Amino acid sequence: MAEPLSVERIVDEAIALVDDEGASALSMRRLAARLGTSTMATYHHVPDKGALVEAIAERIMRDLADPEPDVP
């Protein structure tokens, strides 16, 4: 059974998509396909692509500000 859809999972997969295919490949349709769900299902968690890009940026900034404890 697949992991339930959540903002966290959507952002994780969006970052993976950008890493794999580049920022120009990011679309809600392509992201939904990678998640194995419908495009409309993603909109229940992220209102639009702009909000998704903002969530990606926030995640990256958070991860930069709070690195893993074992990272020198």
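Helices α1 and α4 pack at an angle of about 85 degrees, with their axes 10 Å apart. Helices here are DSSP runs of H or I with at least four residues, strands are runs of E with at least two, and both are numbered from the N terminus. The axes are lines fitted to C-alpha atoms, for helices over the stretch in contact, and angles run from 0 to 180 degrees between N-to-C directions. The model is predicted: local features need pLDDT of at least 70, side-chain atom pairs count only at pLDDT 80 or more, and totals for chains, interfaces and linings use all residues. Residues are numbered from 1 along each chain as its sequence is written, and side-chain values use heavy atoms, with hydrogens and water left out.

**Packing of α1 with α4**

- The angle makes α1 roughly perpendicular to α4; angles of 65 to 115 degrees count as roughly perpendicular, under 35 as roughly parallel, over 145 as roughly antiparallel, and the rest as oblique.
- Helix α1 contributes Glu8, Ile10, Val11, Asp12, Ala14 and Ile15 to the contact, while α4 contributes Leu52, Ala55, Ile56, Arg59 and Arg62; contact means heavy atoms within 4.5 Å.
- By class, the residues of this contact are seven nonpolar, no polar and four charged.
- In this classification Ala, Val, Leu, Ile, Met, Phe, Trp, Tyr, Cys and Pro count as nonpolar, Asp, Glu, Lys and Arg as charged, and the others, Gly among them, as polar.
- Arginine 59 lies in helix α4 and is buried, with a relative accessible area of 9%.
- Buried means under 20% relative accessible area, exposed means over 50%, and partly exposed lies in between (1.4 Å probe, protein chains only).
- Apart from its neighbours within four places in sequence, arginine 59 is in contact with Glu8, Val11, Asp12 and Ile15.

**The chain as a whole**

- The protein chain has four helices and zero strands, and its pattern along the sequence is α-α-α-α.
- The C-alpha atoms fill a box of roughly 40 × 30 × 20 Å, taken along the principal axes.
- Of the 72 residues in the protein chain, 26% are buried.
- Among contacts between residues at least 6 apart in sequence, 47% join residues at least 24 apart.

**The largest nonpolar core**

- In soluble globular proteins, nonpolar side chains tend to be buried together.
- A nonpolar core is a set of buried Ala, Val, Leu, Ile, Met, Phe, Trp, Tyr and Cys residues joined through side-chain atoms within 4.5 Å.
- The largest such core has 13 residues, of which Ile10, Val11, Ala14, Leu26, Leu31, Leu52 and Ile56 touch the most other members.
- Two or more residues of this core come from each of α1 (7–21), α2 (28–35) and α4 (49–65), and α1 gives the most, with five residues.
- Leucine 52 touches Ile10, Val11, Ala14, Leu26, Met28, Leu31 and Val46, not counting residues up to four places away in sequence.

**Packing of α1 with α2**

- Helices α1 and α2 pack at an angle of about 110 degrees, with their axes 10 Å apart, and this makes α1 roughly perpendicular to α2.
- On the α1 side the contact is made by Arg9, Ile10, Glu13, Ala14, Ala16, Leu17, Asp20 and Glu21, and on the α2 side by Arg30, Leu31, Arg34 and Leu35.
- This contact has six nonpolar, no polar and six charged residues.

**Salt bridges**

- Side chains of opposite charge can pair when their charged atoms come close.
- The whole structure holds seven salt bridges; a salt bridge is a side-chain nitrogen of Lys or Arg within 4 Å of a carboxyl oxygen of Asp or Glu.
- Aspartate 20 pairs with arginine 34, their closest N and O atoms being 3.1 Å apart; the pair links distant parts of the chain, 14 residues apart, with aspartate 20 in α1 and arginine 34 in α2.
- Aspartate 20 is exposed, at 55% relative accessible area, whereas arginine 34 is partly exposed, at 31%.
- Arginine 30 forms a salt bridge with glutamate 21, with 3.2 Å between the closest N and O atoms.
- Arginine 30 is partly exposed, with a relative accessible area of 37%, and glutamate 21 is also partly exposed, at 41%.
- Glutamate 21 also meets arginine 34 in a salt bridge (3.6 Å, N to O); glutamate 21 lies in α1 and arginine 34 in α2, so the pair ties together parts that are 13 residues apart in sequence.
- Glu13, Asp20, Glu21, Arg30 and Arg34 are linked in a network of salt bridges.
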